[in-house]
Amino acid sequence: MQTVRHSEQTLKTALISKNPALVSQYEKLDAGERRLMNQAFQPNSDLFGPITVHSRSDWITSHPEDPQDFEQFFSDPYRKTPSPEKRSIYIQCIGSLGNTRAISEEYIKWLQGYCEAFFYGLTVKLLAPVPVSATRCSFRVNDSTQNLQIHAGHILKFLKKKKPGDAFCIVGVTMIDLYPRDSWNFVFGQASLTDGVGIFSFARYGSDFYSSRYEGRVKKPQKVSSSDYSVFDNYYIPEVTSVLLLRSCKTLTHEIGHIFGLRHCQWLACLMQGSNHLEEADRRPLNLCPICLRKLQCAIGFNIVERYKALVRWIDGASADTPRVTPKHSREDDVNLPKPVEAFKEWKEWIIKCLAVLRKEEPSNRSN
Ligand SMILES: [Zn+2]
Ligand SMILES: [Zn+2]
């Protein structure tokens, strides 16, 4: 295992920059926010550590990219910033996310609440779920894994047409696997940054996708016809677990981060690190490093304490923004599904440590 270690000066410049206007912008931030972000270049920080590389197939070794510091982000003329009229993130569910309608509805609300806390200050709205047939996308059975896959580019076209006027972006989520073109095996997601549109699949995040017991294989010799979407009726959906929810939240926030113009992070362990495979995605933390946090804060304008508090509220389950409506439909739908947040516990502890740094009183201000 290797670590990608940058000097204190490199990290400091990546965060604060040497551009006088950006330095003074940084100095105007709240003292607690600066205290937290300055941990980026403190070698013994227990909040932010270096990126670790475990194998040659890891993203950073297999996809050399130019790093993006705060100044490069700030001066990127093509990046998208939410305007006062376009401050909503729309989530469109394609197909079901759970085995019952109730589970699917809960799952999408959990994602909504998480994104609303993560992109604190923006509104996250849900569009009514649609079946795969509504998108008119092409689909296929993957030759090697034998699961159903839908064409990512066709879904992007569908989403682009549905994008509401007040949308900063619209993202589709699905439990069905995606492929970008015939010659490719699969893709986790695809986005058009200029259009503010993305589609992400959580199919491979279930605990069984890579197991021999995976039930999403379409039994041969079933032939799928290009217009018969009935193959998606009652198609296999992975079981909702805490790990599936965590992976879904992580992917969604990483990908929406790209829509804001955040590129892959090469500075510190960070949500915005690229990942080439599931093991690497699991290793990547849920949090942004200070350099990426400053980028997102600059785009949205949130207060960091308020944002962290919102994330803790979501983990604690008190983030229900809409009063729960008692379901009137069938008994089967009438389930009480607690949000599975066990996998988020460690992150909550990390946020609490950050909040302590943010709130720490300067020694001179301390009352006796
Ligand atoms: Zn990425
Ligand atoms: Zn970062």
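H264 is buried, with a relative accessible area of 12%; buried means under 20% relative accessible area, exposed over 50%, and partly exposed in between (1.4 Å probe, protein chains only). H258 is likewise buried, at 13%. Both residues coordinate the zinc ion (ligand 1), together with H254, and each of the three donates NE2 at 2.1 Å. Donors are N, O and S atoms within 2.8 Å of the metal (3.2 Å for Na, K and Ca); water is not among the atoms, so sites may look incomplete. Along the sequence, the donor residues follow the spacing H-x3-H-x5-H.

The model is predicted: local features need pLDDT of at least 70, side-chain atom pairs count only at pLDDT 80 or more, and totals for chains, interfaces and linings use all residues. Residues are numbered from 1 along each chain as its sequence is written, chains are lettered from A and ligands numbered from 1 in the order in which they are written, and side-chain values use heavy atoms, with hydrogens and water left out.

Eight of the eight residues of strand β7 (residues 167-174) are buried, so the strand is largely enclosed by the rest of the structure. Helices (H or I, at least four residues) and strands (E, at least two) are DSSP runs, numbered from the N terminus. Two strands pair if DSSP finds at least two bridges between them. The pairings of β7 are as follows.

| Partner of β7 | Sense | Bridges |
|---|---|---|
| β3 (residues 88-94) | parallel | seven |
| β10 (residues 197-201) | parallel | five |

Within these pairings, V173 of β7 lies opposite C93, and G172 has I199 in β10 as its bridge partner.
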